[in-house]
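Reader: I have just opened my first protein model and would like to learn how to read it. Could you take me through a few features, one at a time?

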Amino acid sequence: MNTTPSQKIVRCAIYTRKSVTEGLEQEFNTLDAQREAAEAFIASQRHEGWVALPEHYDDGGFTGGNTDRPALKALMADVEAGQVDCIVVYKVDRLSRSLLDFAMIMGALDKHDCSFVSVTQQFNTSHSMGRLTLNILLSFAQFEREIIAERTRDKIHSARRKGKWTGGPPILGYDVAPNGGRLLVNPEEAEQVRRIFEHYVESESLTATLRWANAEGLTTKSYTTRKGIRKEGRPFSKSSLHSLLTNVQYLGKVTLKTEVFDGEHEAIISHGLWKKAQARMEGRSVLERRPERNKTHALLRGLLYAEPDGVPMYHSFTTKNNRHYRYYVHRDVIKRADTPGTTRTVPAGDIEAFVLEKIKVIGQSEQLAAETIRQARLRRADQLSEWEADARQLRSAAARTEQEIHRLAGANDEEAVVKLASLQDRLAREQGRLAEVNRCIENINTETLDERALVRALSDFDGIWDALRGEERVKLMHLLIQRVGYNAQSGEVQIDFHPSGLNDFILRQAS
C-alpha cells in the first residue's frame with residue numbers, strides 16, 4: 001500500500017444493487033461489474049489512503065425505492081459501528097432512488113463522519129454546490145422512477161382490460177403457463193374448487209364448508225415462485241375460503257379495481273353455481289334471500305339434515321295414480337353412495353307438520369319460549385365469537401398487506417409493480433370482507449330477544465300461518481329456523497331457531 005505513515009487510511013465499502021434477479025445467476029453479473037468499477041476507482045485514489053474493504057454489500061433483486069434491503073442495512077450497521085469511512089457506489093441511484101431516503105442516509109453518514117462517492121457521477125458533498133448537484137441528480141432519479149412506475153401500471157391496467165393475467169401468486173385450480181403470461185386449468189385442483197363451491201351452496205354456511213374442506217384435507221394453492229422458492233398450501237381459514245368463493249377468476253374473469261372484464265383463461269365454475277354461491281354471500285336478510293326456485297313450497301328445503309352425520313336431506317317426490325308423494329331424501333341416496341344405517345327418507349308432510357307444531361307450542365308457553373330464547377342466545381354468542389375472530393384475523397391480514405404495499409410503494413421495476421397491483425386487489429377484498437363481518441357483528445349486537453315478546457308474537461301463529469301463501473310460508477319458516485336435525489334411529493328431531501330471525505319476527509309482529 002503506497003501511503004505515508006502519517007496518512008489516514010480511508011476504509012471504503014462498496015455497495016452494489018440490482019432491482020431484478022434476472023441475470024444474477026451468471027458467473028459475472030452486473031453486481032460484479034459495479035464492484036469492479038468501484039474497486040478500480042478506489043485503486044485510483046490509493047495515494048489518498050483509500051482502501052477497499054473485503055466485505056460485499058450486494059443487494060440483488062431489491063428496489064431502490066425504499067431502504068428495506070439486507071445488504072444496505074448491514075452496511076449502515078457497519079457505518080454506525082465506525083468500521084466504514086466511505087461508501088462507494090457505481091451510480092447514485094444504486095444507493096437510493098428516493099430523495100427522502102437518500103437524505104436520511106446522508107444524514108446518518110454525516111453523523112458518523114462517513115463520506116459518499118459515486119464512481120460515474122463525481123461530486124463533493126462537503127460544499128453547497130456539491131449538495132445542490134446531488135439533490136438535482138436525486139430529483140431526476142425519483143422522477144424517472146415515478147414515470148417508469150406509471151407506465152408499468154398503465155401497461156398492467158391495459159392488459160387487464162384485455163383479459164390478460166398480469167401476475168401474482170396463482171390460485172387453486174390454475175397453474176401459470178411454462179412460458180408465463182397466462183393461466184392454465186389444473187384439472188385436479190379445478191375439481192377441488194368445484195366441490196368447495198357445491199358444498200357451500202348446499203350447506204349455505206361458510207363455517208360448515210370450512211370444517212368440511214379441512215376434514216377433506218383440502219388446502220390453498222401450492223406453487224413454486226420464479227425464484228425457485230416452494231410455497232406449500234395451507235389449510236383453509238374463513239378468510240381464504242371467502243376469497244376463493246368470491247374470486248371472479250373462477251368464472252373466467254379478471255378485475256381492475258371495481259371493473260370486471262372477460263379473461264383469457266378458462267372458467268372453472270359455471271354461471272349457475274357462481275350465482276348461487278354469491279347469493280349466499282350477499283348477506284341479505286333471510287326473508288330476502290329465499291325467493292328461490294322452490295316450486296313445491298317445501299318448508300324445510302335447505303334446513304333439514306340427517307343425524308348423526310349432519311348430511312343434507314333434499315326434497316323430492318314421486319307420482320303414483322296422479323298423486324304426489326313428497327319426501328326428504330338423504331344426499332347419499334340421491335348420489336347412490338348410500339351406506340347402511342343412514343337416515344334415508346322421511347315423509348315431507350310428517351316432519352313439516354311436526355316442526356310447525358313445535359313452533360305453535362312455543363307461543364303457548366313462556367317456559368318453552370324462555371328455553372328457545374336461551375338456546376338462541378347461546379348460538380348467537382357462538383356466532384358473535386366466530387365473527388369477532390374473523391374480524392381480528394381480517395384486520396391483521398389487511399395490516400400485513402398494507403405494510404407490504406407500503407414497502408413496495410416506491411418500486412419501479414415491473415416485477416414489484418405487478419406484485420403491488422396484486423396486493424392492492426387483495427387489500428380491497430380483505431377490507432370488503434371486513435366491512436361485511438363488521439356489519440354482521442353490529443347486527444348481532446343490536447338484537448334483543450325477550451321470551452314474553454316471543455310468546456306474544458307466536459300467540460296467534462295459526463292465524464298468521466293461515467293468512468300466508470305457499471311461498472310466504474317458506475320464507476317465514478326460513479326466517480325462524482336455522483337448522484333441523486332428524487335422526488331416524490332414535491326418532492329425535494332437533495330444531496335450532498335462527499336468533500336474528502326470531503328477533504326480526506318479534507319486531508315485525510310488534511309493529
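**Reading strands, a helix and rings**

Author: Gladly! Let us begin with two strands: β12 (residues 304-306) and β13 (residues 311-320) pair in the antiparallel sense, over 2 bridges. Within this pairing, Y305 stands opposite P312 in β13. Keep in mind that this is a predicted model.

Reader: What holds strands of a sheet together?

Author: Strands of a sheet pair through backbone hydrogen bonds, either parallel or antiparallel. Here, 6 strands form an open sheet with mixed pairing, in the order β15-β14-β13-β12-β16-β17. At the edges are β15 (345-347) and β17 (493-497), each of which pairs on one side only. On average, neighbouring strands of this sheet are turned by 35° against each other, direction ignored.

Reader: Which helix lies across β16 and β17?

Author: That is α17 (residues 470-480), which runs at about 85° to β16 (481-486).

Reader: How should I read a helix, then?

Author: An α-helix has 3.6 residues a turn, so residues three or four places apart point the same way. Now take α6 (residues 187-203) and check its length. At 1.5 Å a residue, its 17 residues should span 24 Å, and the end C-alpha atoms are 24 Å apart, which agrees.

Reader: Which residues of α6 are buried?

Author: They are E189, A190, Q192, V193, I196, F197, H199, Y200, V201 and S203. What covers them includes strands β6 (174-176), β7 (183-185) and β12, along with helices α7 (206-215), α8 (238-245) and α9 (271-281).

Reader: Are Y174 and Y250 buried or exposed?

Author: Both are buried. Ring pairs also link Y174 and Y250 with F197 and W274 into a cluster.

Reader: Could we finish with the whole chain?

Author: Of course. The protein chain has 18 helices and 17 strands, and buried residues make up 45% of its 511 residues. Among contacts with a separation of 6 or more, 65% come from residues 24 or more positions apart.

Definitions and conventions: Residues numbered from 1 in each chain as written. Predicted model: local features only at pLDDT ≥ 70, side-chain atom pairs only at ≥ 80, totals over all residues. Heavy atoms only, no water. Pairing = 2+ DSSP bridges. Helix = DSSP H or I, 4+ residues; strand = E, 2+ residues; numbered from the N terminus. Axes fitted to C-alpha atoms, helices over the stretch in contact; angles between N-to-C directions. Contact = heavy atoms within 4.5 Å. Expected span 1.5 Å × (residues − 1). Buried < 20%, exposed > 50% of the residue type's maximum accessible area, 1.4 Å probe, protein only. Phe/Tyr/Trp six-rings, centres within 6.5 Å; stacked < 30°, edge-to-face > 60°.
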